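Please look at the structure below with the definitions in hand. The questions that follow ask how each label is reached.

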Amino acid sequence: MSKAELPGDRERRLQELEQALSDREHELELLKETANAVGGQLDLDTVLQLIADRARRLIQAETLLIPILDENCREYTYRAGAGKNAEEIIGESLPLNYGVCGWVWRHRRPWWRGMLDELTEVERNRWEREAGTLIMVPLMGKGHFLGGIAGINKIGAEEFSRQDLNLLTLFASQVSIAIENAMAYAELAKAKSEAEAYQSDLSQLNSELTTINKELERIALYDQLTGLPNRLLIQDRLQQALFAAQRGNYQVAVMMVDLDSFKEVNDTLGHDAGDQLLKQVSERFSAELRHTDTVGRLGGDEFALIIPGASTEIAAQIAGNLLKSLDTEFEIENMRFSVGASIGVAFYPEDGADVATVLKHADMAMYIAKRNHDGFTLYNAEEDSFQPGRLTMATDLRQAMVNREFDMHYQPKIDLRTGALYGVEALARWPHSERGFVRPAEFVPILEHTGMIRAFSLWAIERGLHQCAVWQGMGLDLTVAVNLSMQNLLDPRFPDQLINLIERAKLPKPGLVLEITESVFLSEHSKVRGVLSLLQKQGVSFSIDDFGTGHSSLSRLKKLPVSELKIDQSFVKDMEQDRDDAIIVRSTIDLAHNLGLQVIAEGVTNESTLRLLTDMGCDMAQGFYISRPLPVDEFHFFIENTRWKVNKLPLSAARSG
Ligand code: C2E
Ligand code: CA
Ligand code: CA
């Protein structure tokens, strides 16, 4: 205070000082209060809004805005504001080099009117208009630019003062730390939520992975069709069962089950029906088991059972129950039919000390059961030494097909009304270097199973036709019956193949009979009927083989172009003693005759059966009593010496042949 001052001046000066002091106190209060309010806040938008409000009050601005540099550092956005029109501007983004904010950013210095003096001529002209009404200070983080605080239009004055500039600069330096903290926090929160999202994605993926793994395991270890354990799992379960049995010192029964004539169902009714059948069979089998037992499907129509602790008696009882469970007819696609099964049983440790051996021996026993039509068979080590495995058999058969190693034997058929030998059934024989003559009951099922039967049947037909032609050339009027597989009948190429063979044989007189089993009734009628009719026109006649063993009704038969019924030998062989069999044979003969069919009885083993059949009106007969199946030369010897007269062709026909 100088001595030159007048008392009035001093008074005024004092008042001004007091006013300034009060202002400073007020400002200080505001700064402190802002620092407090902002210091505890972490949400960036809240922080910025607090700052905008306090700053506007601090410098008495009509409008206050806070532009903040964007993450990309190329634009700034008005993130908060207060006062007139602020609402409209908040959220706007502008290029960084644009406007006052751009200037502040470039120069890292505050802007206010006083700046104009420091500007170049050009810049001054450019900024002068805005300069008076605008003040802006930079917000600096730790060494880098965050944005700024801008006041527009000083309330009640022309322009912002240096005092305002200083205050706002101080204010900015105070709050910039809070802003930076909030920014860091926002980044942290973002990272955290990203991490959480990632974590949740990860756990989602993890749970999906677990599901997929479970699904994979299911596919790898369970049969998709029946839901039963598959071969892999059965082997594993068996291994576990054997370990447990070894510890507990008890035995384990292992059963191999193979359905009989499943392939025919599959071929004639289609795969869907076959699948249905397998499902139903697996349900019936499962119902027979205790919870400690396991049933699995090994593939195709093969099932395996593991029965820990089963004695021979119990195993036999369970096998019997399994077979019995199949007795009730299956109903699939409105068809009713039954399938049988063959079961082989082997025991740990007696028949094998490890998984592979027990399974192999159960398989062998099953194979014997199948061959002998035994239902089930217990493994017998002595029998085994003669039993070739089915696999090597299949390999040998393939080779035999290529080399045409098969032979044909012929069994005479007698007409009971005339006493004449009118035809033969061609029965295949397989002479094997190590196994001797392998019976068709052993190798035909394998041919069926592997599909080789189709080519085999064509060979048999060709052979039969050739023999028929030879005999006709010799003046013998003999029909030749060949056994046909359903697989051939269902093969669309078959009619042409057969017609081709017939043409090549150049028979003077038709003489081919094809024997088909009852499963022909299962098939789509119209399709098979079409094929049979077509071939009938080529001079082929059809005979239903093994009649009575299947579940067909004669009424269905009526609709097929079939001329002959062969009563199965199981009814014929005991018909003398067994009244039921005799009744079946008699009624079959009567019914067949009513339908205009001829009847042949097979398996005739003695004179009295032959007489009984003749009395019943049976048309024809075949069996060991008349003759066993014979190789060609023996057959020739037979017809020279037999009491049966042999059908001869009229001379003219024989010569032309
Ligand atoms: P199948 O068609 O029922 O043939 C009759 C079978 O009964 C023949 O057995 C025959 O030797 C036998 N047999 C004939 N008379 C008597 C008898 O009085 N008593 C007894 N116990 N048996 C008699 P085989 O030759 O062992 O043939 C068995 C089966 O193999 C045949 O049964 C047939 O289903 C099949 N088979 C044979 N050859 C062929 C063939 O070339 N193709 C096809 N697809 N199957 C064939
Ligand atoms: Ca036959
Ligand atoms: Ca037969």
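Buried means under 20% relative accessible area, exposed means over 50%, and partly exposed lies in between, with a 1.4 Å probe and protein chains only. The model is predicted, so that local features need pLDDT of at least 70 and side-chain atom pairs pLDDT 80 or more, while totals for chains, interfaces and linings use all residues. Residues are numbered from 1 along each chain as its sequence is written, chains are lettered from A and ligands numbered from 1 in the order in which they are written, and side-chain values use heavy atoms, leaving out hydrogens and water.

Q: Why is Met408 called buried?
A: Met408 has a relative accessibility of 4%, and the limit for buried is under 20%, so Met408 counts as buried.

Q: Which residues is Met408 in contact with, leaving aside its neighbours within four places in sequence?
A: With contact taken as heavy atoms within 4.5 Å, Met408 touches Ala426, Leu427, Ala428, Trp459, Ala460, Arg463, Leu630 and Pro631.

Q: Why is the pair of Phe443 and Phe456 called edge-to-face?
A: Rings of Phe, Tyr and Trp (its six-membered ring) pair if their centres lie within 6.5 Å, and planes under 30 degrees apart count as stacked, over 60 as edge-to-face and the rest as tilted. The centres of Phe443 and Phe456 are 6.1 Å apart and their planes stand at 70 degrees, so this pair is edge-to-face. Phe443 belongs to helix α14 and Phe456 to helix α15, 13 residues apart, where helices (H or I, at least four residues) and strands (E, at least two) are DSSP runs numbered from the N terminus.

Q: What makes Phe635 and Phe638 a stacked pair?
A: Their ring centres are 6.4 Å apart and their planes are at 25 degrees, so the pair is stacked. Phe635 and Phe638 are separated by about one helical turn because they are three residues apart in helix α23 (residues 632–641).

Q: How do you know whether Phe638 is buried or exposed?
A: Phe638 has 15% relative accessibility and therefore counts as buried, and Phe635, with a relative accessible area of 0%, is buried too.

Q: What makes the approach of Arg429 to ligand 1 a polar contact?
A: A polar contact is a pair of N or O atoms within 3.5 Å; within protein, one must be able to donate a hydrogen and the other to accept it, and residues adjacent in sequence count only if both atoms are side-chain atoms. A polar side-chain atom of Arg429 lies 2.9 Å from an oxygen atom of ligand 1.
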